[in-house]
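Thanks for making the time this morning.

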Amino acid sequence: MSTFEIKMPKLGESITEGTIVTWSVKVGDTIQEDQILFEVTTAKVNAEVPSPVEGTVLEILYKEGETVEVGTVVVRVQLAGEEASEPVVESPAAETAKVDTAQTTLEPSAPAVEKEDKWYSPAVLHTAKEAGIAPAELDNLPGTGYLGRLSKKDVVNYIEQKKNGSTAGVVPQKRLVPVPPPMSLPATPAVKSFSGEAEFVDMDPVARIIAERMVQSKKTSAHVTTVVEVDVTKLVNWRKREKDAFQKQEGISLTYMPAIVEATTKALKEFPKVNASVEGTRFVLKKQINMGIAVSLDDGNLIVPVIHNVDKLSLSGVAHSIDTLAIKARSNKLKLEEIEGGTFTITNFGTFRNLFGTPIINQPEVAILGVGFIEKKPAVIETPEGDVIAIRHKMYLSLTYDHRIINGAMGGAFVKRIADYLENWKG
């Protein structure tokens, strides 16, 4: 009996596990290639996982609601055209003995090829064989299927390109890099005595993963937070002048966030160590500036979509990117590439009328900017005729940074530079 093992995929940078939300198939079902098998959720994204092969579901090793490490086998499929030697039943992960037995009795898949985390479906192998494509040549074909998988369509297109003599652009696929095992939250101590009533509520899968990431970040980076007060009166007046015309021309509302992103991007160019990561005893200075913008979801959780190459965008381009990503995030339609690769993050406490906060670094980045609520305050203004008291629009910016790479002088200078850009905003 030839079988194929389908594993929990890696669904984003730094993601080491996923929680199965729902199964779309059951043991004994006949499935087609690219048919959806199950939905998985992580701290960053929800995704539907399709089958890379055609066949019959033999075993489902994990139940709905269970969390599985990346690379772990979650379902086994009998390949199309093969007959099962005996009926099998659905197996929960907790039944270790049963799973171990299944692993020793199931024969490895003959038609499917595994090499450096790549699998080829029987349809792919058959098409390649008929066209005389050697295995080494097949390994170099880029895939457009799920997570870069090579599909039959990719092979057919390549064959057509060969006929037309246009295969120069074919490049090897990237090898998947193994990820470290996920850390676990420390066990919550039992309540020894409590005189009143209490309700115990389990974290939902996303909240649990976020909690783990926050604890991991505090254990990884040496967190320090610095705060500056910014006079954003010029920025507020600019928005008042431009918001109606911007709405009419661009079709979206003009908020303060595009200006804050632009000011932060300029500062990042001047302070490359803030747009970096730490790997052991070396710093990795990122050439791209990919800005993560934290978005609050209706269920109370957060997600951080990423604007890639934000320094290449105009102010209106940044505004559209923020608006589009926020809508996608709240409707659970973000793509994988829209949540990974961030080099710096901004979180907006002002949305909830908070003055400032001390945000936790979004690993593997080395800093995060917190934006507070803009409020009117009396302030002393220097004029040629002397000091006067006037009403000004003020806002706090809080920068949390990793002291392993950024010292106090650099962290303070960086957030002050953002403040300078905003205080002298001209649009």
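Predicted model: local features only at pLDDT ≥ 70, side-chain atom pairs only at ≥ 80, totals over all residues.

Helix α6, residues 233-250, and helix α8, residues 315-330, pack at an angle of about 70° with their axes 13 Å apart, and since angles of 65 to 115 degrees count as roughly perpendicular, that is therefore how α6 and α8 are placed relative to each other. On the α6 side the residues in contact are W238, F246 and E250, and they meet L315, S316, A319 and H320 in α8. Sorted by class, this contact of α6 with α8 has 4 nonpolar, 2 polar and 1 charged residues.

Turning to the rings, a search of the whole structure finds 5 aromatic pairs. One of them is F271 with F414, whose ring centres are 5.7 Å apart and whose planes are at 80°, so the pair is edge-to-face. F271 sits in the loop between α7 and β12, whereas F414 belongs to helix α9, 143 residues apart, and both F271 and F414 are buried.

F414 also pairs with F344, with centres 5.8 Å apart and planes at 65°, so this pair is edge-to-face. Because F344 lies in strand β18 and F414 in helix α9, the pair ties together parts that are 70 residues apart in sequence. F344 and F414 are both buried, and ring pairs link F271, F344 and F414 into a cluster.

Terms used:
Residues numbered from 1 in each chain as written. Heavy atoms only, no water. Axes fitted to C-alpha atoms, helices over the stretch in contact; angles between N-to-C directions. Helix = DSSP H or I, 4+ residues; strand = E, 2+ residues; numbered from the N terminus. Parallel < 35°, antiparallel > 145°, perpendicular 65-115°, else oblique. Contact = heavy atoms within 4.5 Å. Nonpolar A, V, L, I, M, F, W, Y, C, P; charged D, E, K, R; others polar. Phe/Tyr/Trp six-rings, centres within 6.5 Å; stacked < 30°, edge-to-face > 60°. Buried < 20%, exposed > 50% of the residue type's maximum accessible area, 1.4 Å probe, protein only.
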